[in-house]
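Here's a quick briefing to read with the model open beside you. It goes from the overall fold to the chain copies, and then to a few local spots.

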Protein chains: 4
Amino acid sequence: MTVKVGINGYGTIGKRAAEAINKQDDMKVVGVTKTRPTYEASVAVELGLPLYVPETSADDFKKAGIKVAGTIKDMYKKVDIIVDCTPGDVAEEYKKEYAEAGVKGIFQGGEDHSLTGISFNASANYKESWGAQFSRVVSCNTTGLIRTLYPLDRKFKIQSVFATLIRRGADPNNSKSGPINAVEPSLKIPTHHGPDVQSIMPWLNIQTMAVKVPTTIMHLHTVTVKLGAETTTEEIIELWKEAPRVRLVSGKSGIKSSAQIMELARDLGRPRGDMYEIAVWEDGVKVVGDTLYFYQAVHQESDVIPEIIDCIRSMCKIEEDASVSMRKTDRSMGI
Amino acid sequence: MTVKVGINGYGTIGKRAAEAINKQDDMKVVGVTKTRPTYEASVAVELGLPLYVPETSADDFKKAGIKVAGTIKDMYKKVDIIVDCTPGDVAEEYKKEYAEAGVKGIFQGGEDHSLTGISFNASANYKESWGAQFSRVVSCNTTGLIRTLYPLDRKFKIQSVFATLIRRGADPNNSKSGPINAVEPSLKIPTHHGPDVQSIMPWLNIQTMAVKVPTTIMHLHTVTVKLGAETTTEEIIELWKEAPRVRLVSGKSGIKSSAQIMELARDLGRPRGDMYEIAVWEDGVKVVGDTLYFYQAVHQESDVIPEIIDCIRSMCKIEEDASVSMRKTDRSMGI
Amino acid sequence: MTVKVGINGYGTIGKRAAEAINKQDDMKVVGVTKTRPTYEASVAVELGLPLYVPETSADDFKKAGIKVAGTIKDMYKKVDIIVDCTPGDVAEEYKKEYAEAGVKGIFQGGEDHSLTGISFNASANYKESWGAQFSRVVSCNTTGLIRTLYPLDRKFKIQSVFATLIRRGADPNNSKSGPINAVEPSLKIPTHHGPDVQSIMPWLNIQTMAVKVPTTIMHLHTVTVKLGAETTTEEIIELWKEAPRVRLVSGKSGIKSSAQIMELARDLGRPRGDMYEIAVWEDGVKVVGDTLYFYQAVHQESDVIPEIIDCIRSMCKIEEDASVSMRKTDRSMGI
Amino acid sequence: MTVKVGINGYGTIGKRAAEAINKQDDMKVVGVTKTRPTYEASVAVELGLPLYVPETSADDFKKAGIKVAGTIKDMYKKVDIIVDCTPGDVAEEYKKEYAEAGVKGIFQGGEDHSLTGISFNASANYKESWGAQFSRVVSCNTTGLIRTLYPLDRKFKIQSVFATLIRRGADPNNSKSGPINAVEPSLKIPTHHGPDVQSIMPWLNIQTMAVKVPTTIMHLHTVTVKLGAETTTEEIIELWKEAPRVRLVSGKSGIKSSAQIMELARDLGRPRGDMYEIAVWEDGVKVVGDTLYFYQAVHQESDVIPEIIDCIRSMCKIEEDASVSMRKTDRSMGI
């Protein structure tokens, strides 16, 4: 069986999801949508992706010489599931459309858990989305926290977590937003990131704070964890060496900042220079007494992509075993 | 009595210390030093500050048409105390020179506590430097942490502190250093900032982590404090309203980031646009159970300046009462 | 006679204009306006500036505990002239209000020349605004170009000018706008800056291009000028040494970038660290054949402030002689 | 015949050259060098590239567990030609080593023309390097200027060119260098870029100025050209549509800044997100009278890579016809 997937919103996440889906043997992109005739729309067509557009902007695409396959509603008829990568505010509306069209829908972490009632992380709760009509792949930052915390919790029983999220100001292709030279705290504290992790790990005692800084590449987290069992720095590192979608990097080898992690991703030949794994600095991990300190970096543009693939498999009942799905995904993406 | 002060190193801290000292009625700058004939040296002379230079570069100053008052060693003969604002690595050497010349010396937080054996913060341990030949005003970040934590600890008995320091990449007048687009963690953790706070508050249980980000203005801290006594967000805010050299700011009034704090300092008519106080976001303070969360911003170029003034008073035995000295300093600087 | 001035819009330009006006002996700020109860409004009141607000937001100011002196329309009754520092789009509307209220109005360079039909630069055309009801002080960039080009043209008869404007992405107190990591060209070329210079020097053959870059401090221009008379690099430098509101700086003395120009302004004790003069790199000026090449930096927040003062004197017929007015302004502002 | 190529210096240019060479059917990388056991060295080995290291650091590589194939001198014995991607200062020394080892050498644009006496651009002077032992592929900026100017000059006889180069402060993987918030002019003017273009087009009358800005992605040029023949904006655009390694982009389609050009490269599936072509804004080209104005963006990390391939073909006498070599190179790299 090949699941037919539509991508609603061919932007930062949508274009990556499309690429990754088309590397799988059990699913296939049958359409992507774009609301304006930008260069991104042109490239989608060049790449052979059927392009669906809002009825109201069909003319604009025509004028721009970009060939479209139909309207967004036309696309609904061709798909089993939609990966919704639309910007904020409109998900509620689209969810209704998907429901009416009888297609499944995966939403992104920008939406609240309450939209779908089910949130997804492949390692932690693959089965919860089994056969579901709607699910939500949690945000890049939440995915990042779960990737490192879930295996820790299973082995060492986490007592409590505190994390500070140092967030990128804007994505690389956004040249409008700042800050250029300032740091901006998220004043509503503790921030929503803790509860978002709890949408997957409801038992976890976690609090977070966040600031926005002038960078376009990667979020970076400082994390402190009180552990319920004695351990050592070395044991923690070993655990993460085995953990899915976590990659240890080292300052000693020249990876001093998020810049060199992005360079590593390019060196590895990753499409778009993406780093799907959460990068943890091996020489920035330390256990002191019952507390673990570490830094991790999250590639906000791509870390959720493998989760989206696995979520499709769970929702469309293609593969029952989470670890089989994850291995398949990872192998196809060069992780 | 007017204490005669020499400033060794007329840079970021040195120029501010000179200005502030000359606003006091009990001390006076009798010389500043500079090693190269830069525009900063020219301005010092324009401002009427006697300029002392290394013997070996006297010629360079002559060629550049900058009038010098003598060599650095000449300056030692004219002063009671030196404020050492030299860059890293050379303090040990200079300390010997000061000792030989029989002058007192105040070092900066870039140096280790072990250099002087005494560290200084006006609120917390004014008396420890009383009459001392050498003392050290702790760094901008350490000063920032002590300003908010010391009053907290006195009133609510702190059980433990964890802080993440989001550090500026370079000062505003440094156009060489980066990062331009990256975040760099301090991998040696817990970082040295915790022990540095303990040089003043040795009983405090504090751990820190730090990252460097692409901004030139202000460090920003996320701080979590476990308190030993029950309290409320409001009580904490009241405490800091009364605390010396702490200023509450508010996102609601438009202060969303470090950028607007710097604008506020300029609006207030502060020389150089300096913010001597530690800025705490009133709407970013929150007590949850026994834990207090807050954000504070530290103007790395200027927050230690009032401490330097008070330290001179303590070391030179001009004023016995810390709070009298602090009020005097603060009034003169418009705090 | 003391001219009574109202500042409509107490933002980046408005607050500086207010400060500078209150340093003059022939004019006085009798009111400033602000539309929202921000920290800037609070500081205005703290500084003793009567604050006028839109009728519709009077309540918000009350709730925020900020004391207001009346509505914007109340202010019109108290002033001879308004310095209009409102953001784009609304000038046309306000001009009508000023006309109805029978007060004069100075607009900023963000508005088109056509709004007033008269544009102002103190050196170049002081008399054109004599007694006018409305005039426009040209923008920071245009002012910068005229400051260096006007004396050049008088002495060496400019044949043609080409300039590239490397513009700051956002002002220091704006933490919303980018770009964080990109350079953005102004695609409509030649850009409007050339015609804007011609609103003051209509005979000048000038073309411009512009890009926006990730900095908050200063615009920087690369300028090439074909001269109509033979000269030397030295002669040009001498000319600018005498030119009003132009300041020569030097890479050799350590001023390598816009960062050190801002530091110089702070070192000179300028309020807010403002650099009112156009900074020209002395060691970045070069005559090759009939062509002059140079770099200049423009402090976008403040270079027009002295022009605003002079424009008030011309419009309100306080001082007939441009150079007398300019000297008076400059002395009061420490230029 | 398969030319055996060694890459001396596996950094920004070296790693890209290696990748591109291995896509050709007439040349092959037989070794790369690295002086320190960084992550980049590890990845080179993972990718199957034989790694050669300085004798003196062989131990460090051993300790780091990175397998080396021999010393740099060992590599000389295995290669026909070296692509020298070493940092500045050492090229003179290396040239001697290559001469002694009897291998050819291609240097980069960081070196002076005088090092080799021959400089290379595929379109403009492919034949000059025919059979040469040493040649120099001109720098990213110079290559960028030649790509657009050479076809212009052939068709419209350029009278003179003036360009301002807005340079990136540091490459993406360099997190040390700034500026963070400043613009820095190259004070020695006219800058060396003009003469560097003349190393390929000696007849061209070209002058340049340059500034450094806080971005890591792409240089951007503003260029004005006096043409010797009448033409129109449309004709110029048509010319560049046909010109090799020039790509027209459009603000109307959403490419507003260098950020979106980099995004386009990623969308096109380019390895590392590289944009080998010089990007010219179609809606930022304008002919006014005899003068052409345009903006172009240069991907400093990659635009010279296809030139390096062609230069190898010319120096090693693999292909006599420049356009055949260029087509081959371009097809292999997806240009």
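Contact here means heavy atoms within 4.5 Å. With that in hand, take C:Ile13: setting aside neighbours within four places in sequence, C:Ile13 is in contact with C:Cys85, C:Gln108, C:Gln300, C:Glu301, C:Val304, C:Ile305 and C:Ile308. Keep in mind that this is a predicted model, where local features need pLDDT of at least 70, side-chain atom pairs count only at pLDDT 80 or more, and totals for chains, interfaces and linings use all residues; side-chain values use heavy atoms, with hydrogens and water left out. Residues are numbered from 1 along each chain as its sequence is written, while chains are lettered from A and ligands numbered from 1 in the order in which they are written.

**Chain A overall**

- Chain A has 13 helices and 16 strands; these are DSSP runs, numbered from the N terminus (helices: H or I, at least four residues; strands: E, at least two).
- The C-alpha trace of chain A spans about 65 × 45 × 40 Å along its principal axes.
- The radius of gyration of chain A is 20 Å, which agrees with the value near 20 Å for a compact globule of 335 residues; the radius is taken over C-alpha atoms, and the globule rule is 2.2 Å times the number of residues to the power 0.38.
- Of the 335 residues in chain A, 66% are buried (buried is under 20% relative accessible area, exposed over 50%, partly exposed in between, with a 1.4 Å probe and protein chains only).
- Among chain A contacts between residues at least 6 apart in sequence, 72% join residues at least 24 apart.

**How the copies relate**

- C:Ile13 sits in helix α1 (residues 12–21) of chain C and is buried, at 18% relative accessible area.
- C:Gln108 is 95 residues from C:Ile13 in sequence, but their C-alpha atoms are 9.0 Å apart in space.
- Helix α2 (residues 39–46) of chain C buries C:Tyr39, C:Glu40, C:Ala41, C:Val43 and C:Ala44.
- Those buried residues of α2(C) pack against α11 (258–267) of chain B, along with α1, β2 (27–33), β3 (51–53) and α3 (58–63) of chain C.

- Most residues other than glycine have a negative phi, and most peptide bonds are trans.
- The A:Ile189 to A:Pro190 peptide bond is cis, with omega near -15 degrees, and A:Pro190 lies in the loop between β10 (184–185) and α9 (193–198) of chain A.
- A:Lys317 isn't a glycine, yet has a positive phi of about 55 degrees; A:Lys317 counts as exposed at 51% relative accessibility.
- C:Arg245 has a positive phi too, near 60 degrees, but C:Arg245 is buried, at 3% relative accessible area.
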